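The structure comes first, and the description follows.

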Amino acid sequence: MSMVYIIVKTLTLPGAMLHSFFEHMSCRASKVLVDDARAVQFNEMLGHIDHELIKRKGPSFDVCFIPFFFNLVLGFLILCHGATEIIYLGRYDQWFSWICLYLGISLLTNLFPQIEDVMMLKENFFQKGKNPISKILVAPLYAIFFVGARLEKWGVTLITSILFAFATPYILGTFIPAVYEWFR
Amino acid sequence: MKDKNLNNGAGDYREEMEELARIFKEELDKAREESEETVETEENQEYEVEGYAITMGESKSKEELTEDELCECCGERPRGTEKNPSSPFCSECEAILEKYPYDWKGAVAAILTVFVTIVAVISFATNVPIFSYMIEGEKAYNEHNLLSAFQKYNKALSHIDEEDDGKYLNLYEKRILLNYDLVDMDSVVSDAGKYFSETAKKMPMYKDVAEIEKQLINMQATVLVIQDVLGAYADVTDHNYDEIMGKLNALSDKKIYVKGSEYHLEGEEGFTPTGKEEIYTCDDAWINMYKYSLVQYAGKDDKVIAEYLSKAAEGSDYLAKLVNPLLSATYVGIGEYEKAEALAKEIREDNKESVDYHMVVSMLSRYRDKDYQKGIDTCISGLNMLASIPDGDDYIPQMGYILSMQKTLNYIMLKDYKSAYASAKECYSYQAETYSISVQVRDMYAMLALQTGDTETFKTLEEEIKEYGEEASGFSSDVKNYRDGKVTLQELAMSGGYDLI
């Protein structure tokens, strides 16, 4: 396992802890057996939990998707404030905004499942004879998870989430003024 | 030869593979037979381990179970559950692992994160007005709609609480850059000094602010030095024209030492630099700007005036923005229409909401093309553009009067005096709103009042002049000449004296 991976996970520890928490939550909800659920462990399992192989479609999807979804939503909501205040408005005196910026980046760095879980998802959904509709529906997510898991393995997601933080105000700028105008 | 060897090689390989397949089949059959015998034996046995009933197959004592048959987790009970016979865990362990307890650190992190999210969303919502106006301002700025951008930035600033004044550095930076483009030197220097500390100015993202401030302080210092030189002269005459020009020429490349509000020119009597002063160099563009004022004041030819204006514009981007409207109008006056048109396009590229562009185009229609209706249409579109600027109601009186006057002059050329009079009245009312009525506007309004028979208005204007204590000067000679029939309105419209440049 790459040292960069562990360094990036350590730098973004809150996001990694949250990801493992949500992964655990989804395992419990789907009755997947968990072997080890330590939130902080400085090895390749940081940000993930050790669970048994999943041979059912639903649970394997949940284990990949639920942590991704929660980290994405919470990360984006937090980043909206942090990135807007610090990066766009240049308000550097607000410690809470700095926390939001860090936490947002940290959560978005730890979005993706382990590559083993992605492979399991593929195994459960894309084998011969499986339902073609579910294949079509899951295919885009599978692609995102696969690429994301690869990038996360090399710590690249830290860079992408920082870049995303810089883009966030402009993404918000495409609709927030119209929404504000509508409410005003 | 080569083919033969290859064929031989393939034959050997096939034989070898067939032999391997035969051995593998024999071994597989043997293993299958043994396995069937074992299953038969196990099915006929019954066992119980520590009171745990095994549902699959028959019982074995704990000692009889191999490691592969014991639960992976506890290592005591046999593997498999009712639901999942092939599970590596026993039922009890599986029930425990299904509900593996959460790590408290992860749970605390989750609770804190949810709390931070709620606070962040609320904080973001409070910033939405500032953010929205700033985004819209930036968009307008990037589209070169500078007046709209100015309004949006002002709106954003109006939503900042008093105690947070000066904390939104990026907003002030954007306003400084905008004010630079709108040629508001005082606002730029004042905002840069007020909101940006020396440390902030050294930050790479505020490099532009530092550069602009330095450039404008240099200009301000140059202007102060020039004003000192010119202060010695009460008037420009034929006798002192060369002397003043010589003094302005001598300023070129001279150093100015600035410390706080004090400034000294290099070689000034009684001044020795201490090394603590900031050193600037006299800005040639501004020297040329004052030379332009000098030649204009001295009544030199318009071509000479245009030459100095052009030199001033070439020497500084900032001065170019200031001088280009005047220079292009001057080019129209001296018949250099192509240069005027090119400059007008430049003005429009810099600021799509510039009234100056419409003014020059309207002048070109009147002087060059003799297409007076086009001139009127240009003015109307300019006024509509001003009216369409969001929250920009003040712009109409502040800038619209220039276009109203252009419209008036074009109507005069069409001999549509009624419309011309309405336009002149509009122009006059715009200026009255800003408490700054120019002589040309008042005179034109008065002459058109006479032309259309509105003597009441003419008298009112006359009285107004008296109220302001201007009876000595009264109306200009143009009005008197017009009343005496010595000059027509058309001649005045084409004289250049009423273009308000």
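## Overall make-up of chain B

Helices (H or I, at least four residues) and strands (E, at least two) are taken here as DSSP runs, numbered from the N terminus. On that basis, chain B of this predicted model contains 21 helices and five strands.

Of the 501 residues in chain B, 35% are buried. When contacts in chain B between residues at least 6 apart in sequence are considered, 51% of them join residues at least 24 apart.

## The contact between chains A and B

Between the two chains, 35 residues of chain B are in contact with 34 residues of chain A. On the side of chain B that touches chain A, the elements that give two or more residues are α2 (91–98), α3 (104–142) and α5 (169–181) of chain B, and α3(B) gives the most, with 21 residues.

Sorted by class, this side of chain B has 20 nonpolar residues, together with eight charged and seven polar ones.

## A helix of chain A with one buried side

In chain A, helix α5 (residues 115–125) has A:D117, A:V118, A:M120 and A:L121 as buried residues. These residues lie on the same side of α5(A), because they cover an arc of only 155 degrees around the axis. An α-helix has 3.6 residues a turn, so residues three or four places apart point the same way.

Terms used
Residues are numbered from 1 along each chain as its sequence is written. Chains are lettered from A and ligands numbered from 1 in the order in which they are written. This is a predicted model: local features need pLDDT of at least 70, side-chain atom pairs count only at pLDDT 80 or more; totals for chains, interfaces and linings use all residues. A residue is buried if 20 or more other C-beta atoms lie within 10 Å of its own, exposed if 12 or fewer, and partly exposed in between; C-beta atoms are placed from the backbone. The arc is that of the directions from the helix axis to the C-beta atoms. Two residues are in contact if their C-beta atoms, placed from the backbone, lie within 7 Å. Ala, Val, Leu, Ile, Met, Phe, Trp, Tyr, Cys and Pro count as nonpolar, Asp, Glu, Lys and Arg as charged, and the others, Gly among them, as polar.
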